[in-house]
Amino acid sequence: MPLPLSPNLRGALFMVVAMVGFTLNDAITKFSSESMNMAQVMLIRGAFASLFVGLLAWQRGALARPASMLQPMVALRVAGEAGATVSFLLALAHLPIANVSAVLQALPLAVTMGAALVFNEGVGWRRWLAIAVGFAGVLIIVRPGFEGFSVYSLLALASVACCAVRDLATKRVPQAIPTLLVSTATALAMTVLGAALLSPMGGWTPMSGEATALLALAAVLVLIGYQFIIMAMRSGDIAFIAPFRYTALLWAILLGLVVFGDIPDLPMIVGASIIVGSGLYALYRERVVGKRQTAAESAGPDMAPDGI
């Protein structure tokens, strides 16, 4: 009979499964962009997400006060998510999935910087140095001014900024507002935004049953990812479990290679290594100084726009 896993190892396993779910969702979304514009992807995936999350929220009584969706911090979170989703999806449609994923790994550093600048949270010089080094890694991947530069890399960077706004706003959403209500508001907003952008981005493309099923699967994978994130965070020490979030980059590289034939180049590998190393060091420093909430905990679970 195999020995049961410790809470930390179980949490780490849950985190890895969550990252697989999120990265598969990204791969399906990128694949779908080859046959339709990203507004249509947002619309269809958002509709399925709204249905799934809305039913779950209704079952758990989270929709009892729908007016809470208009609370200022909820509205700011939705606005940040909207900007992050549009910029992320556009970048994903035109760049290798591994490159986009690598840039998004800088989100915990961006949230730490935002918490210091906006909320006056204490950030020592070592973590400021980690932030600076991490964003230097981003510049290596984006490579502005050099051959191989793509303007869509700037959209990936814009997505990081919008995600930071989303996560900082999330920290200020009143505890009385159910998380599922916030998720429902986000899903509905993304669906409406997709519908609004459909015509400017080229209009509707007839969809096969397979394409529709794939986007429904993408919405399910996001929900599975968030469920496993919750299970991971409740299983063991966050400081032990959080670094396993960076396995998303490994899955992105693997899926990019197998599904899309994308081979990571040297600047992407070097830049990604610098970003991950800086993030791990910042997490270590936060643990050393005994902060109540680490950047890894405060940042969005998948370090990317959730789309719901």
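Trainee: What does a side-chain oxygen of N37 reach at the start of α2?

Mentor: The backbone nitrogen of A39, to within 3.1 Å. The model is predicted: local features need pLDDT of at least 70 and side-chain atom pairs 80 or more, while totals for chains, interfaces and linings use all residues. Residues are numbered from 1 along each chain as its sequence is written, and side-chain values use heavy atoms, leaving out hydrogens and water.

Trainee: How far does α2 reach, and what is expected?

Mentor: Helix α2 (a DSSP run of H or I, at least four residues) covers residues 38-59. Its 22 residues reach 31 Å from first C-alpha to last, close to the expected 32 Å, which is 1.5 Å times one less than the number of residues. G61 follows α2 with a positive phi, near 75 degrees.

Trainee: What makes F14 and F228 an aromatic pair, and of which kind?

Mentor: Their ring centres are 5.7 Å apart, and the limit is 6.5 Å. Their planes stand at 65 degrees, so the pair is edge-to-face (over 60; under 30 is stacked, the rest tilted). F14 lies in α1 and F228 in α9, so the pair ties together parts 214 residues apart in sequence. The whole structure has 4 aromatic pairs.

Trainee: How do the residues lining the second largest pocket divide by type?

Mentor: Into 8 nonpolar, 2 polar and no charged. Among them are Y246, L250, M268 and S273. The largest share of this lining, 5 residues, comes from α12; α11 also gives two or more.

Methods
1 Å grid on protein atoms, 1.4 Å probe; cavity = no way out; pocket = protein on both sides within 12 Å on 5 of 7 lines; lining within 4 Å. Nonpolar A, V, L, I, M, F, W, Y, C, P; charged D, E, K, R; others polar. Polar contact = N/O pair within 3.5 Å; in protein donor to acceptor, adjacent residues only side chain to side chain. Phe/Tyr/Trp six-rings, centres within 6.5 Å; stacked < 30°, edge-to-face > 60°.
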